[in-house]
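Please look over the chain shown below before reading on.

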Amino acid sequence: MEPKTFPTILLIILLLSGCGALRNEASSKPEWIDRPAAAYPTKTHIVGTGVGASLAIAQDRARAELAKNFSVNIRARMQDKQSYLHQSGLSEFSSETEQQIETHTEVVLNAVQIVDSWQDPQTQQYHALAALSRIQALQLFRGRIHSLDAETKTQLKNVSLYQDKLSQVGFIQSAIELQRQRNQIQLMLQVVDPSGHGVTSQYSIAELNKQSNQIASNIRIQVQAQSPSAEAFVSSAANSLTKVGIITTDRSHADYILLLDWPQPQLEQRQGWYWYQGNFKFSLKDTNGQIYGHSEWPIKQSATSAVTAASHLANK
């Protein structure tokens, strides 16, 4: 090896040894410790900082702060829209919206990077800086929105391809759920989009619900008991269907038959209490015998006497 190559090799070694090294000199205190936006402007990034006794703790806290700032903005926008929709008599958010938003937030946080760290030589505390590129997040959210809109279009196209009313309602309800997911992602997109606009949807959940209700109002169902113990529930089941706009009728005019089955529940005595428990079963079929689905509803009821437990069970 020629002697003149040693300075070059030495320089490379020194450079490599400095890569990724944790700075701890007082003179190298990064500006982002006090001003995170100095290193990653808010126009291009969402940032979070964290401090801890170890580098891992500091990094986790930086990610958590970024997530907190992200979630706070999402919830503020969500509350504003819910307030507007409530005043308008509309609803585009399910009870699980916030939980699903947390799930989507976790997904995007996978794109968060720890871009810098520093140890204070006096306190020995570690500092970490987490950053999320707005461009990267925009691409992620817009891609997901376009995918959900494409799936919604497919579901609504199926409505015109099927004559079966129940299937039509099912397709519209699937489209509604897809648009609810889209609304959640739209909220997150608005946080990272500098314009705050996101991508406007061509679908209205209120209009889709209206379309679904119109079709459902023309569905005629006969409620039928499959076992003697289920006879007592036929009337209440029919009333429940009527409340949501579905017509209940006899076999000669029905499009579908809702079968109820209530096998005799078991009575158990435990620690001075009487327990009734069993599974209430539902199944739906058309007049040609095609089964559309089954469902079971577990029921438990207890009381200090068998008679009272049976009474509670009957009124469940």
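Q: What share of the accessible surface of the chain belongs to carbon and sulfur atoms?
A: The model is a predicted one, and the accessible surface computed for its chain comes to about 18700 Å². Of that surface, the part that belongs to carbon and sulfur atoms is 51%.

Q: How many of the residues of the chain, as a percentage, count as buried?
A: A residue counts as buried when its relative accessible area is under 20%. The chain has 316 residues, and the share of them that counts as buried is 36%.

Q: How many helices and how many strands does the secondary structure of the chain come to?
A: Two of the strands taken up below are β1, which covers residues 45-52, and β8, which covers residues 273-286. Counted over the chain, the secondary structure comes to nine helices and nine strands.

Q: Which residue in β3 does V51 stand opposite?
A: Strand β1, residues 45-52, is mostly covered, with seven of its eight residues buried. Eight bridges join β1 to strand β3, residues 126-133, and the two run antiparallel. Within β3, the residue that stands opposite V51 is H127.

Q: Which residue in the turn between β7 and β8 has a positive phi?
A: Strand β7, residues 266-270, pairs with strand β8, residues 273-286, in the antiparallel sense over five bridges, and Q266 stands opposite Q277 in β8. The two strands form a hairpin with two residues between them. In that turn, the residue with a positive phi, of about 50 degrees, is Q271.

How values were computed: Residues are numbered from 1 along each chain as its sequence is written. This is a predicted model: local features need pLDDT of at least 70, side-chain atom pairs count only at pLDDT 80 or more; totals for chains, interfaces and linings use all residues. Side-chain values use heavy atoms; hydrogens and water are left out. Buried means under 20% relative accessible area, exposed over 50%, partly exposed in between (1.4 Å probe, protein chains only). Helices (H or I, at least four residues) and strands (E, at least two) are DSSP runs, numbered from the N terminus. Two strands pair if DSSP finds at least two bridges between them. Accessible areas come from the Shrake-Rupley method with a 1.4 Å probe; for residues, only the protein chains shown count as cover.
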